[in-house]
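Welcome to a short tour of a protein model.

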Amino acid sequence: MFERLIRWSRLKSPWILHLNSGACNACDIEIVAALTPRFDLERFGVLLKATPRHADIIIATGPATRQMKDRLIRIYEQVPEPKFVVAVGSCALSGDVYRGAYNILGGIDQVIPVDAYIPGCPVRPDTVINGVYTLLKSLEKK
Amino acid sequence: MAEFQVPIGPQHPALKEPISLRMTLDGEVIKDADLKLGYNHRGIEKLAEERNYIQNLYLTERICGICSNSHAMCYCQGVEKLMELEPARRGLFIRTLVAELERIHSHLLWLGIAGHEAGFDTFFMYTWRDREVVMDLLEIISGNRVHYSINTFGGARRDIDDLQKQKILDGMEVLRNRTNYYLNIGVTEPTFIARLSGVGKLTKEQAVSLCAVGPTLRASGVPRDVRKDDPYAVYAELPFEVCTADSCDVLGRAVVRIKELIESYKMCEYLVKNLPVGEIKVKAPRRVKENEVISRYEAPRGENMHYIKSNGTDKPERLKVRAPTLANYAATIEMLKHGFVADIPLIFAAIDPCICCAERSVTLIDSKTGEEKRMFFSQLRKWSIEYYTKKPKLTGVTWPF
């Protein structure tokens, strides 16, 4: 009973942490745009949180840069269980145009495990909403 | 009182990008500031040497997502100079139109962020809602909300039809009304002005000697704007004023940006109404003969500079990007000195930092004990709002309109 309550509340109000590991800002402003009145991601109970210790879902943008690698791992470890990572944008998926550069390790999944991928360069706010919603739906079945 | 250092970042949701700031404090007052960069370094300049000119157009566009057109257009102009190519006039008009629409979206975004950092979240939501109007226009013109890909060597990639023109004019009307409303907020909301006024002082002399650019420089009373001083594209024939403010603080920077918004609406309307007929692009050669060029462009944040060296092949030998945020770092450190810890987010946000452009976190260090304290930017923001709630309200400040 208590477990069911916890699971219900997790699904109804997932808190997100926005993490930029070297993105070009485009996906980042689109994520913020998704939280503002036109798209309003908050109606799904999603709340943007400032510190990893409060977050359930990490929304990661940008390719993993060499400099950010250790920080990415550290931030991932700070998020309490159960945690989910959503890779947003082509760079976070594969490295996109930066692929092959000396300072780029590739997508986010080269450094931390990823649960959902949202493609687009940059992603549209509606795609972000769809991605987060799909992730939440998939969790419902578990 | 012992001095100590406080680190901020590299991960801070307030600014959406990784940078590390290291502040040396004496109690509440900032004694010194230091920046640690490199978290967002991707190696774009090196990557550009391995790709041909057309491919680089898409790469330079992805230097930054907010001023994507700035970098692409700056690069494009440089390569056109190397190719000795005269772009199509209609193409230039469309390019300039997208450049101004981008400035509108960027300034509205900044106004929202400034409101957010000052603890005025309603303002943030308002500006971001209105920003969607211009985002829609950009989508109508280019097919994408952020990376427009409108530039190509010799002109523009997409044409504008009458229906689109009408939509742009309608959009400008809506935005003009909204911007006038924001101007009124200045008159009716004394707390907002009191929070911005006198924060992050940068005198005219300091601004010039530290080579500040863009609205940061213009807010210190220096009328310097590449669009006026060294006109590119069709700016030479556009009717617009260079906006300045004399208050030399964050309030001045907000005023400059609001004024620039109004100028941009004027420019967009002129561009749409006077769009010449003809082709949108001319054919460009594939190879570029050996030469070098510096291309200047007034991005929303200030002067953007691209240096391109060609060697006779279809790939550049060297591409160097000097983004406006990088030019403003020296001035930012000066602005932070003698300020309060609670002002860091606001001062830092006031230069409209674009870390991915300049490639940027805050560490505060106690100057006597050397003790370090790491702080998330968002915690700092929350703390600063609380700090100012307790302080007595600044009175006698007026909105300079």
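## Two long neighbours in chain B

Start with helix α4 (residues 89–117) of chain B and helix α11 (residues 250–273) of chain B: their axes come within 9 Å and cross at roughly 155 degrees. That makes α4(B) roughly antiparallel to α11(B), a label for angles over 145 degrees, while angles under 35 count as roughly parallel, 65 to 115 as roughly perpendicular and the rest as oblique. Axes here are lines fitted to C-alpha atoms, for helices over the stretch in contact, and angles run from 0 to 180 degrees between N-to-C directions. Helices (H or I, at least four residues) and strands (E, at least two) are DSSP runs, numbered from the N terminus.

Which residues of α4(B) and α11(B) make the contact? Among them are B:Phe93, B:Leu97 and B:Trp110 of α4(B), and B:Leu261, B:Met267 and B:Leu271 of α11(B); two residues are in contact if their C-beta atoms, placed from the backbone, lie within 7 Å. By class, this contact of α4(B) with α11(B) has 13 nonpolar, three polar and four charged residues. Ala, Val, Leu, Ile, Met, Phe, Trp, Tyr, Cys and Pro count as nonpolar, Asp, Glu, Lys and Arg as charged, and the others, Gly among them, as polar. α4(B) passes α11(B) in a left-handed crossing, meaning that the near helix is turned anticlockwise from the far one by less than a right angle (clockwise would be right-handed).

## How to read the model

This is a predicted model: local features need pLDDT of at least 70, side-chain atom pairs count only at pLDDT 80 or more, and totals for chains, interfaces and linings use all residues. Residues are numbered from 1 along each chain as its sequence is written, with chains lettered from A and ligands numbered from 1 in the order in which they are written.

## A three-stranded sheet in chain B

Chain B has 15 helices and 10 strands. Three of the strands form an open sheet in the order β6-β7-β8 (chain B), with antiparallel pairing; two strands pair if DSSP finds at least two bridges between them. β6 (291–299) and β8 (316–322) of chain B stand at the edges, each with a single partner strand, so one side of each has no neighbour in the sheet. From one strand to the next, the twist averages 15 degrees.

β6(B) and strand β7 (residues 302–310) of chain B are joined in the antiparallel sense by nine bridges. Look for B:Asn291, whose bridge partner in β7(B) is B:Ser310. Helix α3 (residues 68–83) of chain B packs on the sheet, touching β6, β7 and β8 of chain B, and its direction makes about 150 degrees with that of β6(B). Helix α12 (residues 324–336) of chain B also lies across β6, β7 and β8 of chain B, running at about 125 degrees to β7(B).

## A parallel sheet in chain A

Now move to chain A, where five strands form an open sheet in the order β2-β1-β3-β5-β7 with parallel pairing. The edge strands, β2 (47–49) and β7 (116–118) of chain A, each pair on one side only.

Strand β3 (residues 57–61) of chain A has five of its five residues buried, so it is largely enclosed by the rest of the structure. A residue is buried if 20 or more other C-beta atoms lie within 10 Å of its own, exposed if 12 or fewer, and partly exposed in between, with C-beta atoms placed from the backbone. A:Ile57, A:Ile59 and A:Thr61 point one way from β3(A), and A:Ile58 and A:Ala60 the other way. Strand β1 (residues 15–20) of chain A pairs in parallel with β3(A) over five bridges, and A:Leu19 has A:Ala60 as its bridge partner in β3(A). Five bridges also join β3(A) to strand β5 (residues 84–88) of chain A, again running parallel.

## Where the chains meet

How many residues of chain B are in contact with chain A? The count is 35 residues of chain B, in contact with 36 residues of chain A. The largest share of the chain B side, four residues, comes from α5(B). By class, the side of chain B that touches chain A has 17 nonpolar, 10 polar and eight charged residues.
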